[in-house]
Number of protein chains: 2
Amino acid sequence: MQRAAALVRRGCYPRTLGPWGRGQSSAAAEASAVLKVRPERSRRDRILTLESMNPQVKAVEYAVRGPIVLKAGEIELELQRGIKKPFTEVIRANIGDAQAMGQQPITFLRQVMALCTYPNLLDSPSFPEDAKKRARRILQACGGNSLGSYSASQGVNCIREDVAAYITRRDGGVPADPDNIYLTTGASDGISTILKILVSGGGKSRTGVMIPIPQYPLYSAVISELDAIQVNYYLDEDNCWALNVNELRRAVREAKEQCDPKVLCIINPGNPTGQVQSRKCIEDVIHFAWEEKLFLLADEVYQDNVYSPDCRFHSFKKVLYEMGPEYSSNVELASFHSTSKGYMGECGYRGGYMEVINLHPEIKGQLVKLLSVRLCPPVSGQAAMDIVVNPPVPGEESFEQFSRTHQMAPDMFYCMKLLEETGICVVPGSGFGQREGTYHFRMTILPPVEKLKTVLQKVKDFHIKFLEKYA
Amino acid sequence: MQRAAALVRRGCYPRTLGPWGRGQSSAAAEASAVLKVRPERSRRDRILTLESMNPQVKAVEYAVRGPIVLKAGEIELELQRGIKKPFTEVIRANIGDAQAMGQQPITFLRQVMALCTYPNLLDSPSFPEDAKKRARRILQACGGNSLGSYSASQGVNCIREDVAAYITRRDGGVPADPDNIYLTTGASDGISTILKILVSGGGKSRTGVMIPIPQYPLYSAVISELDAIQVNYYLDEDNCWALNVNELRRAVREAKEQCDPKVLCIINPGNPTGQVQSRKCIEDVIHFAWEEKLFLLADEVYQDNVYSPDCRFHSFKKVLYEMGPEYSSNVELASFHSTSKGYMGECGYRGGYMEVINLHPEIKGQLVKLLSVRLCPPVSGQAAMDIVVNPPVPGEESFEQFSRTHQMAPDMFYCMKLLEETGICVVPGSGFGQREGTYHFRMTILPPVEKLKTVLQKVKDFHIKFLEKYA
Ligand SMILES: Cc1ncc(COP(=O)(O)O)c(C=O)c1O
Ligand SMILES: Cc1ncc(COP(=O)(O)O)c(C=O)c1O
């Protein structure tokens, strides 16, 4: 990590303390080292301490679930115990977890999952036929027709086929090969697995991994675990956090003095920036990767979360193919998707996939071997991934309900924003029924009058701002 | 890995070839290196090759899902295409996957899982009240009351409480603390995570990890990934594969010349040996670990798979506590359990837990940090773990049916063995109903007469052997 520390600038955000930050040396452990000569004492020094542990793990910093999140838990307990605060509820906006924020799961997805879980329900008249069809297809491809069997390490065959068909549709016909699809335990697993294979060398030929700043902290954590070199490129805050290829050039040039930059990670749409890259930008990045011989990692887990009408998601895969054979048969690319984001937000199932392009056939064998060590990704997560890429289509029984929930209804969107910005939790009118084209919300007026006044003031302020922004 | 190769003897089993064995150098990659000076050619050499990849990953050998399993897949395809073989079906006995072998999931477990997946079913009269109670308890502890939210990285609180209560019951009252329980993505994840934290040092102070030979190949794979030193101790084949502490002494003595042995892995009950360690043996091992300052890893995933009436499972935790405070407050132990084995065999859900004893508080922080990087284990797997440790109890509606399936019924046992030993798949009589105390199986007689004759001969031979063995 000394190598890494020399190169990277982590100054972008305040450094964390305690177990989440750099290894502070522990007075307790130092004191106990004195006792080492007296092993007969009943309290011996520990074998596993901050001093003796894996130094790369110690160097991992993890921001998303660090001390702030621990503190949030404490505050929640305090609120429960009645301690007064300027707010009455902690709203956990630290991680993109739609269902924890009150978003309801997609009915169709959960119906298929329930049918797969407890196939007795296949006889139940209260489940629609299209959900049963999906469930049967998945179960037939599972060992013993059960979600309870290990799957192939690369994932259930028919689910990989469905993923490939989805990608082909998404990319307007650019073909995807099920052999290039690997199902994973969330995108996190795919990203760390491919990085694990990529990292090699020592000293100045240690692998450098280029990541955007700001980044999603999984990247810096895995780079640290692997003792690779983190090479930062800065997104352009003054330009809506756009990626600038000149900044990539600067970063790679400086990095080459210290390491062997071999991997370029892109997060598009961006987290935490929300930036959606233009087609032109993606072309520039691919050309740069080709020129500099960089392996591309495209984290595209937010591909379904593009809301602004001026933006469109372009996959790296599609642009790569459109750039012609010089690129499409040479540039090595792994792209990632997840059940956790998009409109479904099924984080807890830990479903995900990765598609690899131009991976050397021998490396594919190595990849499957590495995945085999941990047997397989959760089969329920694989099933969830299947529904995400294979939703109801027009003509199927569940299509109407599905398409209604997919585009978040305006009242749902309003209530979500209200919750996020004020902590006030109300119910969208659609839950009660409303005349087409009108939108309502329902709130209880149980709080005492004084409190209600402040609550209503907050709603009013929010409403004015909301209309300014989205009118 | 040179360090490792000098020390370990992997000669116990034939070495594998291809991507599953040691990195053979690739002629293709060497040839393409010549082209490096002509980057304008349309087929460039790859960035990620056997030569450039992570050498520790390359060195991983993985036996359980290696070339034999790939071959099994090929043979299955051949059989499907009608190619004649001395058998008509591949029976996948390479990995302990009960449901892939035809074992039915436990109804209660799947009912709870279905209720958690699709909470509308909580209103359905076709689900028993005790299953609904379990599902409500789990959902209440989940973010947004949904399996679709990320859980705390250590796992859902109430499930960790249930695990602790289970361990306390199992160990006759020796207390377990929910704070010491970490839910994991199968036992595989727990084992590799704790090893990742433990490994450190370079040259002669590189961490040595003692593992039994024969082992479960996850261990050698993870040791290789981490570039740690594999220290083999041999189980005594002439003595039913018992663990002999003198052999541990030999192994650690020799290892100390090359590395710093810091971890002792035990698999009890053994895989692949099936050996169940005596209480005395466990005491000796704990004393040895205490003496030699070794961190103990107790892989106890087969704790519910003890069939012989002369054997009993003793947990390392319990024996440790019974040995008195010198041991129970000093020996560092991590033990592992899984939803994959036992009577439930829910491999696909990737549920598991680890209990840590005497882990330094600072290391606990490090552990949670490391787990946080990958967010959380699959919440559906956590729910499955909850049912495994919290099954129906006498007085509850589902108890009777559950206890009947838990002790595998004699007809089920017979059919399982028949399938395993002859490939003949028949149906236990209990699936059809039978008079109490009598046992049947049902087979179809659709094959042509000649074939039926050989099938019946096989059944006869099996039956005679079965009665000899189990009468
Ligand atoms: C950019 C990005 N990539 C990857 C992930 C990992 O998601 P998961 O492992 O749940 O698929 C996240 C989660 O927030 C993310 O924001
Ligand atoms: C001894 C042993 N430990 C651990 C495991 C891993 O099991 P899982 O990751 O499915 O919990 C297995 C699986 O076969 C095993 O045999």
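## Terms and model

Helices (H or I, at least four residues) and strands (E, at least two) are DSSP runs, numbered from the N terminus. Please keep in mind that this is a predicted model.

## The sheet of chain A

Chain A holds an open sheet of 7 strands in the order 1-7-6-5-4-2-3, with mixed pairing. Strand 1 (181-185) and strand 3 (229-234) of chain A have a single partner strand each and stand at the edges, so one side of each is left without a neighbour in the sheet. On average, and with direction ignored, neighbouring strands of this sheet are turned by 25 degrees against each other. Strands of a sheet pair through backbone hydrogen bonds, either parallel or antiparallel. For a parallel example, look at strand 5 (residues 295-299) and strand 6 (residues 333-338) of chain A, which are joined by 4 bridges. Here A:Asp299 stands opposite A:Phe336 in strand 6 of chain A.

Which strands does helix 14 (residues 361-373) of chain A lie across? Helix 14 of chain A covers strand 1 and strand 7 (351-357) of chain A, running at about 25 degrees to strand 1 of chain A. Helix 15 of chain A lies across strand 1, strand 6 and strand 7 of chain A, and runs at about 70 degrees to strand 7 of chain A.

## The sheet of chain B

In chain B you will find an open sheet of 7 strands with mixed pairing and the order 1-7-6-5-4-2-3. Its edge strands are strand 1 (181-185) and strand 3 (229-234) of chain B, each of which pairs on one side only. From one strand to the next, the twist averages 25 degrees. Strand 5 (residues 295-299) and strand 6 (residues 333-338) of chain B pair in the parallel sense over 4 bridges, and B:Asp299 stands opposite B:Phe336 in strand 6 of chain B.

Helix 7 (residues 157-170) of chain B packs on this sheet and touches strand 1, strand 6 and strand 7 (351-357) of chain B. The direction of helix 7 of chain B makes about 110 degrees with that of strand 1 of chain B. Helix 14 of chain B also packs on the sheet, touching strand 1 and strand 7 of chain B, and its direction makes about 25 degrees with that of strand 1 of chain B.

## Backbone details worth a look

Two cis peptide bonds deserve a visit. One joins A:Asn268 and A:Pro269, with omega about -10 degrees; A:Pro269 lies in the loop between strand 4 (260-267) and helix 11 (279-292) of chain A. In chain B, a cis peptide bond joins B:Ile213 and B:Pro214, with omega about 0 degrees. B:Pro214 is found in the loop between strand 2 (207-213) and helix 9 of chain B.

B:Asn145 lies in the loop between helix 6 (129-140) and helix 7 of chain B.

## Salt bridges

How many salt bridges does a search of the whole structure find? Over all chains, the search finds 37 salt bridges. One pair is A:Glu396 with A:Lys133, whose closest N and O atoms are 3.4 Å apart. A:Glu396 lies in the loop between helix 15 (379-389) and helix 16 (399-406) of chain A, and A:Lys133 in helix 6 (residues 129-140) of chain A, so the pair ties together parts that are 263 residues apart in sequence.

## Where the chains meet

At the interface, 98 residues of chain B are in contact with 99 residues of chain A. The two chains bury about 8700 Å² between them, 56% of it on carbon and sulfur atoms. B:Ile47, B:Leu48 and B:Tyr150 supply 9% of the area that chain B buries against chain A, more than any other three residues.

A:Lys196 forms a salt bridge with B:Glu225, with the closest N and O atoms 2.7 Å apart. The interface also has 55 residue pairs in polar contact. On chain B, helix 14 brings the largest share of the side that touches chain A, 9 residues. By class, that side of chain B has 45 nonpolar, 32 polar and 21 charged residues.

Notes:
Residues are numbered from 1 along each chain as its sequence is written. Chains are lettered from A and ligands numbered from 1 in the order in which they are written. This is a predicted model: local features need pLDDT of at least 70, side-chain atom pairs count only at pLDDT 80 or more; totals for chains, interfaces and linings use all residues. Side-chain values use heavy atoms; hydrogens and water are left out. Contact means heavy atoms within 4.5 Å. Buried area is the accessible area (1.4 Å probe) that two parts lose on being put together, summed over both. A salt bridge is a side-chain nitrogen of Lys or Arg within 4 Å of a carboxyl oxygen of Asp or Glu. A polar contact is a pair of N or O atoms within 3.5 Å; within protein, one must be able to donate a hydrogen and the other to accept it, and residues adjacent in sequence count only if both atoms are side-chain atoms. Ala, Val, Leu, Ile, Met, Phe, Trp, Tyr, Cys and Pro count as nonpolar, Asp, Glu, Lys and Arg as charged, and the others, Gly among them, as polar. Two strands pair if DSSP finds at least two bridges between them. Axes are lines fitted to C-alpha atoms, for helices over the stretch in contact, and angles run from 0 to 180 degrees between N-to-C directions.
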